[in-house]
Amino acid sequence: MGFSLSWTAVRGRSPEDVLTTLELRPTGERSDDLPRREAPFSWAKFGDWVLVLSDSSSPWFGKRFVDESSAAERFLAELSGGGEVVACFVEEHVMYSRAAAWKDGVRRWSVAHDSEKGVAHLQVDGEPPASLLTLAADARAAQAGDDEVDHVFEVPVDLARDVTDFRHDGGSLVFEVLAVDRKPGRRRSFLDRILGRG
């Protein structure tokens with residue numbers, strides 16, 4: 001069984017601000033596991049990053065967390081206002097991966113791999129970190145001699161790790177489970193938003 005998740009790292013905003021913006025709240029429940037269907041959201045402080053993870057079964061997956069679509073683009077741009085956001089999406093069932101970054105409300109770069117478009121596929125937008133060149137060259141060299149493993153799939157994942165030092169399948173972070181702070185689909189009124197209600 002492969003990973004199917006998205007994570008967002010935010011720098012320059014407090015954990016409380018990030019979680020409020022995502023409309024998630026801490027539960028006090030600790031977890032060594034990555035998000036799963038029963039508990040689709042979790043978070044941890046990681047260096048100077050606030051790290052929020054989402055399982056693909058979450059009600060807002062794709063609307064607030066990066067995936068293969070552009071549905072979360074506007075939300076993530078707003079989340080990066082006054083700070084920086086790096087997001088990564090991993091879908092191992094179809095071997096799709098994507099990493100992207102925003103700063104001060106503007107998307108700076110996006111790198112995606114879709115194995116359905118070919119094992120060497122890599123879509124690059126904007127100006128990603130210089131380490132992309134080495135990561136892509138190494139992956140394509142490894143791919144040349146290996147038909148069993150999709151090496152290029154790792155490029156966006158490793159690029160996100162280069163920027164944040166976080167990788168979903170490495171390390172031993174302890175996460176806190178998050179709960180949705182309101183029902184998905186229910187829009188708060190202007191007055192609710194001003195008063196910080198529901």
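**Exercise 1.** Find which residues Thr164 is in contact with, leaving aside its neighbours within four places in sequence.

*Solution.* Count a contact wherever heavy atoms lie within 4.5 Å. With neighbours within four places set aside, the partners of Thr164 are Trp7, Ala9, Phe46, Trp49 and Val86. Before going on, note that this is a predicted model, where local features need pLDDT of at least 70, side-chain atom pairs count only at pLDDT 80 or more, and totals for chains, interfaces and linings use all residues. Residues are numbered from 1 along each chain as its sequence is written, and side-chain values use heavy atoms, with hydrogens and water left out.

**Exercise 2.** Classify the ring pair of Phe46 and Phe166.

*Solution.* The structure has 4 aromatic pairs (ring centres of Phe, Tyr or Trp, its six-membered ring, within 6.5 Å; planes under 30 degrees apart are stacked, over 60 edge-to-face, the rest tilted). For Phe46 and Phe166, the centres are 5.8 Å apart and the planes at 75°, so this pair is edge-to-face. Phe46 sits in strand E3 and Phe166 in the loop between helix H4 and strand E9, so the pair ties together parts 120 residues apart in sequence. Phe46 is partly exposed at 22%, whereas Phe166 is buried at 3%. Together with Trp7, Phe46 and Phe166 form one aromatic cluster.

Conventions. Helix = DSSP H or I, 4+ residues; strand = E, 2+ residues; numbered from the N terminus. Buried < 20%, exposed > 50% of the residue type's maximum accessible area, 1.4 Å probe, protein only.
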